Amino acid sequence: DADKKFSIFRKATGLNADDIEAAVTQPRKIQYIADTLREMESGNLKIRVRSLENEKALERMSLRQSVMEDVVFASLLFNMASLSSRAAFFYPSVAGGAFFLFKTFMSSTKIKSFDKKQAKYVSQDAFTKSATDESE
């Protein structure tokens with residue numbers, strides 16, 4: 001009997017389950033938005049924005065830092081080799097310096113390939129941008 005009356009009420013008003021759910025949950029959602037805006041206005045909530053340009057700049061900076069570290073270690077070991085008078089220190093220092101020099105070369109190659117890959121995307125963006133400018 002109650003189901004029949006509810007069905008008649010639903011048909012008469014045009015309400016369905018989604019409408020009723022929206023009517024019940026909407027005040028909570030609005031309160032959440034109001035609280036979030038209040039937190040942002042008071043400075044307690046900060047929005048973090050990530051951009052692809054910043055991510056790629058950080059990635060390139062990390063690659064450059066690894067090159068610099070390898071150069072410092074290589075120069076340190078070559079300096080140790082030049083100052084050592086014993087063969088027990090000279091040969092391992094030269095070998096270590098050569099190893100870090102090789103790592104420097106490999107890291108530099110990674111930076112060059114990274115720059116080529118980024119240049120490919122920049123040139124495509126510039127081409128797309130100029131194409132849209134010409135079409136307007």
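The model is predicted: local features need pLDDT of at least 70, side-chain atom pairs count only at pLDDT 80 or more, and totals for chains, interfaces and linings use all residues. Residues are numbered from 1 along each chain as its sequence is written, and side-chain values use heavy atoms, with hydrogens and water left out. The chain has four helices and zero strands.

**Overall fold**

- From the N terminus on, the order of elements is α-α-α-α.
- Helices (H or I, at least four residues) and strands (E, at least two) are DSSP runs, numbered from the N terminus.
- Of the 136 residues in the chain, 12% are buried.
- Buried means under 20% relative accessible area, exposed means over 50%, and partly exposed is in between (1.4 Å probe, protein chains only).
- The chain has an accessible surface of about 11,600 Å². Carbon and sulfur atoms hold 62% of that surface.
- Accessible areas come from the Shrake-Rupley method with a 1.4 Å probe; for residues, only the protein chains shown count as cover.
- Take the contacts in the chain between residues at least 6 apart in sequence: 53% of them join residues at least 24 apart.
- Contact means heavy atoms within 4.5 Å.

**Aromatic pairs**

- Rings of Phe, Tyr and Trp (its six-membered ring) pair if their centres lie within 6.5 Å. Planes under 30 degrees apart count as stacked, over 60 as edge-to-face and the rest as tilted.
- The count by this rule is three aromatic pairs.
- One of them joins Phe73 and Phe100. The pair is tilted, at 5.2 Å centre to centre, with 45° between the planes.
- Phe73 sits in helix α3 (residues 52–83) and Phe100 in helix α4 (residues 87–135), so this pair ties together parts that are 27 residues apart in sequence.
- Phe73 is partly exposed, at 40% relative accessibility. Phe100 is buried, at 19%.
- Phe90 and Tyr91 also form a pair, and this one is edge-to-face. Their centres are 5.1 Å apart, and the planes stand at 80°.
- Phe90 is partly exposed, at 34% relative accessibility. Tyr91 is exposed, with a relative accessible area of 56%.
- Phe73, Phe99 and Phe100 are linked into a cluster by ring pairs.

- Ala81 belongs to helix α3. Its relative accessible area is 3%, so Ala81 counts as buried.
- Beyond its neighbours within four places in sequence, Ala81 contacts Phe90, Ser93 and Val94.
- The C-alpha atoms of Ala81 and Val94 are 5.9 Å apart, while the two residues are 13 residues apart along the chain.
- Ser93 belongs to helix α4. At 5% relative accessibility, Ser93 is buried.
- Ser93 touches Leu77, Met80 and Ala81, leaving out residues up to four places away in sequence.

**A nonpolar surface patch**

- Tyr32, Ile33, Leu37, Met40, Leu45, Ile47 and Val49 form a nonpolar patch on the surface. Together they have about 740 Å² of accessible area.
- Patches are made of residues with over 30% relative accessible area and no salt bridge; like charges are joined within 9 Å, and nonpolar side chains (Val, Leu, Ile, Met, Phe, Trp, Tyr) within 5 Å.
- A salt bridge is a side-chain nitrogen of Lys or Arg within 4 Å of a carboxyl oxygen of Asp or Glu.
- Leu37, one of the patch residues, lies in helix α2 (residues 17–42). Leu37 is partly exposed, at 46% relative accessibility.
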